[in-house]
Amino acid sequence: MSRTDQRLRQFQQSRRQMILAGASMAAVCVLGRHVQGIPLRRSAFASDPFSLGVASGDPDSSSVALWTRLAPSPMDGGGMTPEIFEVQWEVADDDGFRTIVQSGKALATPQLGHSVHVEVGGLKPDRWYWYRFHCGDATSRIGRTRTMPPATTLPAQLRFAFASCQHYETGLFTAYEHMAKEPLDLVLHLGDYIYEYEGKDERVRKHAGREIVALDDYRTRYAQYRLDTHLQNMHAICPWAVVWDDHEFDNN
């Protein structure tokens with residue numbers, strides 16, 4: 001079997017997994033936010049379930065998307081039991097969370113790797129907010145995000161940085177350490193957030209596992225990248241706008 005045939009077969013298998021996951025999530029949405037009839041897991045964690053940090057992105061003048069993933073063992077399939085967990089989220093005017101402006105609950109399901117994606121609306125334009133997540137007895141780190149100016153206005157400035165081609169094996173992510181010291185409003189990532197290659201010896205650091213082809217492979221590779229302290233910190237400092245390039249799937 002050629003490598004192209006192998007890729008096609010793997011893509012078809014992944015596509016079936018995505019269809020099944022989508023059907024499962026659609027059923028959850030129909031049942032409503034509290035998911036009556038489906039047991040929600042609320043438990044104590046032996047290690048931090050928010051090991052991959054928090055992130056925000058795609059801001060406009062009144063909304064922003066928030067993200068986290070429950071993964072107490074991020075390099076071992078995440079380490080979560082195959083159950084639905086309830087995650088609470090909060091958005092505040094201040095980093096002490098004295099004034100909560102939005103809050104709610106989201107579901108972390110095994111079909112989506114216990115990741116959480118919340119689109120928060122009703123925010124004021126052109127201002128900073130702080131956010132965090134809670135699950136069981138655990139609370140995430142605090143993230144900072146912001147909304148954009150209204151489309152009808154011309155802001156005096158917009159401070160942003162762009163990044164791309166962050167190959168984990170060929171260098172440390174010290175560029176993000178530098179970015180974190182700058183007063184940025186936004187990070188624009190132009191693609192190649194991960195690289196799909198099998199790990200190689202005698203490099204700065206090494207990818208875990210084989211060349212990624214299956215859904216679990218991708219989740220582990222993203223987890224390895226997001227465990228990088230500088231990358232994780234920069235995600236928590238300001239919102240990102242992220243586009244894809246080839247290595248998020250396969251070279252060229």
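Trainee: Let's start with Tyr176 and Trp240: are they buried or exposed?

Mentor: Both Tyr176 and Trp240 are buried. That label means under 20% relative accessible area, while exposed means over 50% and partly exposed covers the range in between (1.4 Å probe, protein chains only).

Trainee: What kind of model is this?

Mentor: It is a predicted model, in which local features need pLDDT of at least 70 and side-chain atom pairs count only at pLDDT 80 or more, whereas totals for chains, interfaces and linings use all residues. Residues are numbered from 1 along each chain as its sequence is written, and side-chain values use heavy atoms, with hydrogens and water left out.

Trainee: How many aromatic pairs does a search of the whole structure find?

Mentor: There are 10 aromatic pairs. One of them joins Tyr168 and Tyr225, with 5.3 Å centre to centre and 35° between the planes. Rings of Phe, Tyr and Trp (its six-membered ring) pair if their centres lie within 6.5 Å; planes under 30 degrees apart are stacked, over 60 edge-to-face, and the rest tilted. The 5.3 Å and 35° of Tyr168 and Tyr225 therefore make a tilted pair.

Trainee: Why does the pair of Tyr168 and Tyr225 tie together parts that are apart in sequence?

Mentor: Tyr168 sits in the loop between strand 10 (160-163) and helix 2 (174-179), and Tyr225 in helix 3 (residues 215-226), so the pair joins parts 57 residues apart in sequence. Helices (H or I, at least four residues) and strands (E, at least two) are DSSP runs, numbered from the N terminus.

Trainee: Why does Tyr168 count as buried, and why does Tyr225?

Mentor: Tyr168 has 12% relative accessibility, so it counts as buried. Tyr225 has 0%, so it counts as buried too.

Trainee: Why is the pair of Tyr176 and Trp240 called tilted?

Mentor: Their ring centres are 5.6 Å apart and their planes are at 35°, so the pair is tilted. Tyr176 belongs to helix 2 and Trp240 to strand 12 (residues 240-242), so this pair ties together parts 64 residues apart in sequence.

Trainee: Which residues do ring pairs link into a cluster?

Mentor: The cluster holds Tyr168, Phe173, Tyr176, Tyr193, Tyr222, Tyr225 and Trp240.

Trainee: What lies over the face of Tyr168?

Mentor: Arg205 does, at 3.9 Å from the ring centre. Arg205 also lies over the face of Phe173, at 4.6 Å from the ring centre. The rule asks for NZ of Lys or CZ of Arg within 6 Å of the ring centre and within 35 degrees of the ring normal.

Trainee: What makes up the largest nonpolar core?

Mentor: It has 23 residues, and Leu66, Leu70, Val91 and Phe133 have the most contacts inside it. Strand 3 (64-69), strand 4 (84-92), strand 5 (100-108), strand 6 (115-120) and strand 7 (128-135) each supply at least two of its residues. Apart from this core lies another, of 19 residues, among them Ala161, Val187, Tyr193 and Tyr225. A nonpolar core is a set of buried Ala, Val, Leu, Ile, Met, Phe, Trp, Tyr and Cys residues joined through side-chain atoms within 4.5 Å.

Trainee: How many salt bridges does the structure hold?

Mentor: It holds 11. In one of them, the side chains of Asp126 and Arg146 meet at 2.3 Å, N to O.

Trainee: What makes a contact a salt bridge?

Mentor: A side-chain nitrogen of Lys or Arg must be within 4 Å of a carboxyl oxygen of Asp or Glu. The 2.3 Å between Asp126 and Arg146 meets that cut-off, so the label holds.

Trainee: Why does Asp126 count as partly exposed?

Mentor: Its relative accessibility is 42%, so it falls in that class. Arg146, at 6%, counts as buried.

Trainee: What do the side chains of Asp185 and Arg146 meet in?

Mentor: They form a salt bridge of 3.0 Å, N to O. Asp185 is in the loop between helix 2 and strand 11 (186-189) and Arg146 in strand 9, so the pair ties together parts 39 residues apart in sequence. Both Asp185 and Arg146 are buried. Asp126, Arg146, Arg159 and Asp185 are linked in a network of salt bridges.
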